[in-house]
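Subject: Structure handover

Hello,

Here is the structure I promised to pass on. Please open it alongside this note.

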Amino acid sequence: LLHGGDDDETAAFAGPRPEGDELYVSAGADHYRTVANILITQPRVTSKYSTGPYIALGARRRVSEHQDLGVAVEADDISGRTLLSVRMLDYRYRFNWPLAVNVFAGASRYALATPAYGVYVGGGLQWRNVLPGWDVGLDYREVLYAERERDLATDPEPLQTVKPDSFYSISSWTLSISRKF
């Protein structure tokens, strides 16, 4: 029901949240590696696996007895640079026991000298209610071909026939704990 303009502004936020709706905060660690394709004339550079912090804020809604849909914003420290990702579509299937599986897709921004933008996909497992209101999750995540324009004076000169972009891919395993509200 829509409220008129003369209602109390906080009335829309008063009252209980509908059953099956939840907000959550996650924190954990990434085990990741990056692949950089700077110039076509040079080989790709693949980093060694490293570990860094991970945090997320999300919301999900129950859409059937076993299925949820949600969105989330995530932040990672990848090699000392910020990776911001948005799960635009986050699907979760809850089994009758505490295990759930999820798949997701969205977009990422990797903070380099000029930002690189790419497609973000992944999936994982979640053990729900390890303690009341607390979940543990393990996700595999990929940033696919995040593209960065090489337009700074310090960037290597591209060949005249080659598009002046660099590409970055990031693969990571993320172990996290989530608190639901």
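Below is what turned up, taken space by space and then residue by residue.

One caution before the details: this is a predicted model.

**The enclosed space**

The volume of the largest cavity is about 180 Å³. Its lining has 18 residues, and Arg60, Arg87, Asn102, Gln126 and Asp139 sit closest to the centre.

**The open space**

Next, the pockets. The largest pocket holds about 190 Å³ of space. It has 13 lining residues. Nearest its centre are Glu19, Gly20, Glu22, Arg62 and Arg92. At least two lining residues come from each of strand S1 (21–37), strand S3 (50–62), strand S5 (81–94) and strand S7 (116–131). What is the pocket lining made of, in terms of nonpolar, polar and charged residues? Charged residues account for 10, with two polar and one nonpolar.

**The nonpolar core**

The largest nonpolar core has 13 residues. Those touching the most other members are Ile78, Leu83, Tyr110, Ala116, Val143, Tyr168 and Ile170. S1, S6, S7, strand S8 (134–149) and strand S9 (165–180) each supply at least two residues of this core. As background, nonpolar side chains tend to be buried together in soluble globular proteins.

Val143 is worth a click. Beyond four places in sequence, Val143 touches Leu83, Ser108, Val119, Tyr120, Tyr168, Ser169 and Ile170.

**Ser108**

Ser108 is in that list, and I looked at it separately. Strand S6 (residues 99–110) contains Ser108. Is Ser108 buried or exposed? Its relative accessible area is 4%, so Ser108 counts as buried, the cut-off being under 20%. The Ser108 side chain makes a polar contact of 2.7 Å with the side chain of Ser85. Setting aside neighbours within four places in sequence, Ser108 contacts Leu83, Leu84, Ser85, Ala116, Tyr117, Gly118, Tyr120 and Val143. Among these, Leu83, Ala116 and Val143 are also on the list of core residues that touch the most other members.

Best wishes

Terms used: Residues numbered from 1 in each chain as written. Predicted model: local features only at pLDDT ≥ 70, side-chain atom pairs only at ≥ 80, totals over all residues. Heavy atoms only, no water. 1 Å grid on protein atoms, 1.4 Å probe; cavity = no way out; pocket = protein on both sides within 12 Å on 5 of 7 lines; lining within 4 Å. Points joined across faces, edges and corners; volume = space filled by probe spheres on them. Helix = DSSP H or I, 4+ residues; strand = E, 2+ residues; numbered from the N terminus. Nonpolar A, V, L, I, M, F, W, Y, C, P; charged D, E, K, R; others polar. Buried < 20%, exposed > 50% of the residue type's maximum accessible area, 1.4 Å probe, protein only. Polar contact = N/O pair within 3.5 Å; in protein donor to acceptor, adjacent residues only side chain to side chain. Contact = heavy atoms within 4.5 Å. Core = buried A, V, L, I, M, F, W, Y, C linked by side-chain atoms within 4.5 Å.
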